Amino acid sequence: MAQLSEGLAIGLRSVFAAEAASVQRYTYFAQVAEIEGHGEIARLFSDLAESIGCVAHGHIDALQDIADPHTRKTVGETRLNLAASAAEALTEANEVYPRLTARAHEEGHPDVASWLTTLAALKHAHLGKLDALLTTVTMPSAPGPRDGAPADGGSDD
């Protein structure tokens, strides 16, 4: 596949972020509708979330030759995906949430600051899990046969 232009990559990263946010909003809306007794509406929101999740996955597929649309780290294989996720958790735990926590304190929102401090701790816990698994996964040495396909590329007939 030809290399994506920077403009196209920026556009795809932008729509990926929007679609990923929509998945979370629709999932939340489905939970609210379910709690309020609106089962049909809850199912609609859940279906929309699933559909849009597939769209977001397509954006990642289109961008993975460049990098993860969020972390800008190389992704694709499980080890790379773990490394990108660990980098994201590290940044969120040590930079993003502490900065937001300080801002919430400065603006007089102690409850929000407490929530953000909890999330920083959660991200540290995620980082520990990701790092532990990262040490157990090796990169594939070369492409091999896919899920039971004959190694010679022929059929089983």
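Which residues of helix α3 are buried, and what do they pack against?

A: Keep in mind that this is a predicted model.

Start with the whole chain. The protein chain has four helices and zero strands. Read from the N terminus, the order is α-α-α-α. The chain has 157 residues, and buried ones make up 24% of them. Its accessible surface comes to about 10,800 Å². Carbon and sulfur atoms account for 56% of that surface. Now take the contacts between residues at least 6 apart in sequence. Of these, 55% join residues at least 24 apart.

Now zoom in on α3. Helix α3 covers residues 78–106, which is 29 residues. From first C-alpha to last, α3 reaches 40 Å. At 1.5 Å a residue, 42 Å would be expected, and the span of α3 is close to that. The helix does bend, however. The bend is about 45° and sits at Glu92. Just after α3 comes Gly108, with a positive phi of about 80°.

Next, the buried residues. In α3 they are Leu82, Ala84, Ala86, Ala89, Glu92, Ala93, Tyr97, Thr101 and Ala104. They pack against α4, which runs over 110–134.

What touches Thr101? Set aside its neighbours within four places in sequence, and the contacts of Thr101 are Ala113, Leu116 and Thr117.

Side chains of opposite charge can pair when their charged atoms come close. The partner of Glu92 is Lys123, at 2.9 Å from N to O. Lys123 lies in helix α4 and Glu92 in helix α3, so this pair ties together parts that are 31 residues apart in sequence. Are the two partners buried or exposed? Lys123 counts as buried because its relative accessibility is 18%. Glu92 counts as buried too, at 15%.

A search of the whole structure finds three salt bridges. One of them joins Glu107 and Arg103, with the closest N and O atoms 2.6 Å apart. Glu107 is partly exposed, at 43% relative accessibility. Another salt bridge joins the side chains of Glu6 and Arg13, at 3.6 Å from N to O. Glu6 counts as partly exposed at 48%, whereas Arg13 counts as buried at 10%.

Helix α2 has 25 residues. From first C-alpha to last, α2 reaches 36 Å, close to the 36 Å expected at 1.5 Å a residue. Its buried residues are Ala42, Ala49, Ile52, Gly53, Ala56, His59 and Leu63. What covers them includes α1.

A pair of aromatic rings is described by the distance of the centres and the angle of the planes. The whole structure holds four aromatic pairs. One of them is Tyr28 with Phe29: the ring centres are 6.3 Å apart and the planes are at 65°, so the pair is edge-to-face. Tyr28 is exposed, at 51% relative accessible area. Phe29 is partly exposed, at 33%. Phe29 also pairs with Phe45, with centres 5.4 Å apart and planes at 65°, so this pair is edge-to-face. Phe29 lies in helix α1 and Phe45 in helix α2, so the pair ties together parts that are 16 residues apart in sequence. Tyr26 joins in as well: ring pairs link Tyr26, Tyr28, Phe29 and Phe45 into a cluster.

The salt bridge between Lys123 and Glu92 ties α4 and α3 together.

How values were computed. Residues numbered from 1 in each chain as written. Predicted model: local features only at pLDDT ≥ 70, side-chain atom pairs only at ≥ 80, totals over all residues. Heavy atoms only, no water. Helix = DSSP H or I, 4+ residues; strand = E, 2+ residues; numbered from the N terminus. Buried < 20%, exposed > 50% of the residue type's maximum accessible area, 1.4 Å probe, protein only. Contact = heavy atoms within 4.5 Å. Areas by Shrake-Rupley, 256 points an atom, 1.4 Å probe, with all protein chains shown as cover. Expected span 1.5 Å × (residues − 1). Bend = angle between axes of the 7 residues up to and from the residue. Phe/Tyr/Trp six-rings, centres within 6.5 Å; stacked < 30°, edge-to-face > 60°. Salt bridge = Lys/Arg side-chain N within 4 Å of Asp/Glu carboxyl O.
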